[in-house]
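Have the sequence and the model at hand while reading.

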Amino acid sequence: MRKLGLNTLNDVTNKLKEGKSSRAIATEIGTSKSYVNKVRKLCKEPIPLPKAGAPSKLSSRDKRQAVMIMGQIKVKTATNVTTELNKELATKVSVQTVRRTLKAAGFKAKRKVKKPMLTARHKVHRLRWVERHLEWTVEDWSRVIFSDETKVNRICSDGVLYGWTRSQDELPASLVDPILKFGGGSIMVWSCMTMNGVGPLIKVEGRMDTAQYIQILVQGLLPTIDATQLLPGFPTPDQLIFQHDNDPKHTSRATKLWLQQQQFRVFEWPANSPDANPIELLWRQLKAQLGRYETPPKGVHELWERAQLEWRTITPETCKNLYSRLPEVMRAIKRARGGYIVG
């Protein structure tokens, strides 16, 4: 080995420990590649192999900046991050480079879901509500009868959109699309669920008002409660709690008066919180089953017939499983500080 200064030897050794290639070290220090390789063989300490492939165009600072940009609510995709990042970098980077950086930081692309808007005030109320029910067991939740309405489209034409997140519980606003509630070629249905199964599926005629809603409760909720009383060990009517959301027809004076005349009590429910309602997952299951038909229904009458048929296939076991996960749903909303959750 030709004689070079001790500083050169130390410099080569240090750069070898950093995982740099022999060619890169030789160029940096101004020596030969063969000299660097000889130093590599003589090193007593283990030397990491040089990293394969081209060096990253993003420095550690650039990568932190990319993660910070993705954390901003207004940014939704890796393409957006790339655009913002390239405004600050001297050398432009590709979307693929940024996407790899985000994946390395723990972000994952997920399909966007449709959820109601949550304001800061909504989040505070959701968090307070969750804290009041955080200690509820599955047995406590079994007293609740959940209900809801949903629109079932004859033909689903929604596209699939994706965003990025690295949280297991919180669902960022960038992963939420607004819901369109009305449109042609669809039916609106109502139902309820208990821990032991679903109630009847009832078709909403036209635009539902308070009078029709009360009639639906008479036709759907009361028979469901009567059916539960035939089950051994099921809570009595005065122990049951009825859940519905804060829609104006649900909170009208006439509806409240009718509910006050019943034996069960009404569950206090936070605004814009369908993600805490297990029946939402049954609606998802119903629509998935309807989507498996080889041909779309010829009209809304056939759609209604299919919906009734598929709703009746939902088993008590499915309902039990959804009730059993409610304690974890409460914990997830708490971890999300009242914000959106996955589910």
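## Terms and model

A residue is buried if its relative accessible area is under 20%, exposed if over 50%, and partly exposed in between, using a 1.4 Å probe and protein chains only.

The model is predicted: local features need pLDDT of at least 70, side-chain atom pairs count only at pLDDT 80 or more, and totals for chains, interfaces and linings use all residues. Residues are numbered from 1 along each chain as its sequence is written, and side-chain values use heavy atoms, with hydrogens and water left out.

## Aromatic pairs

Rings of Phe, Tyr and Trp (its six-membered ring) form a pair if their centres lie within 6.5 Å; planes under 30 degrees apart count as stacked, over 60 as edge-to-face and the rest as tilted. There are 11 aromatic pairs in the structure. One of them joins tryptophan 129 to phenylalanine 267; this pair is tilted, with 5.9 Å from centre to centre and 50° between the planes. Tryptophan 129 lies in helix α7 (residues 120-132) and phenylalanine 267 in the loop between β11 (265-266) and α11 (279-290), so the pair links parts of the chain 138 residues apart; helices (H or I, at least four residues) and strands (E, at least two) are DSSP runs, numbered from the N terminus.

Tryptophan 129 is buried because its relative accessibility is 1%. Phenylalanine 267, at 5%, is buried too. The pair of tryptophan 141 and phenylalanine 146 is stacked because the planes stand at 25°, with ring centres 6.3 Å apart. Both of these residues are buried.

## Cysteines

How many disulfides (cysteine sulfur atoms within 2.5 Å) does the whole structure hold? The search finds 0. Cysteine 192 is buried, at 0% relative accessible area, and cysteine 319 is buried at 0% as well.

Methods: A disulfide is a pair of cysteine sulfur atoms within 2.5 Å.
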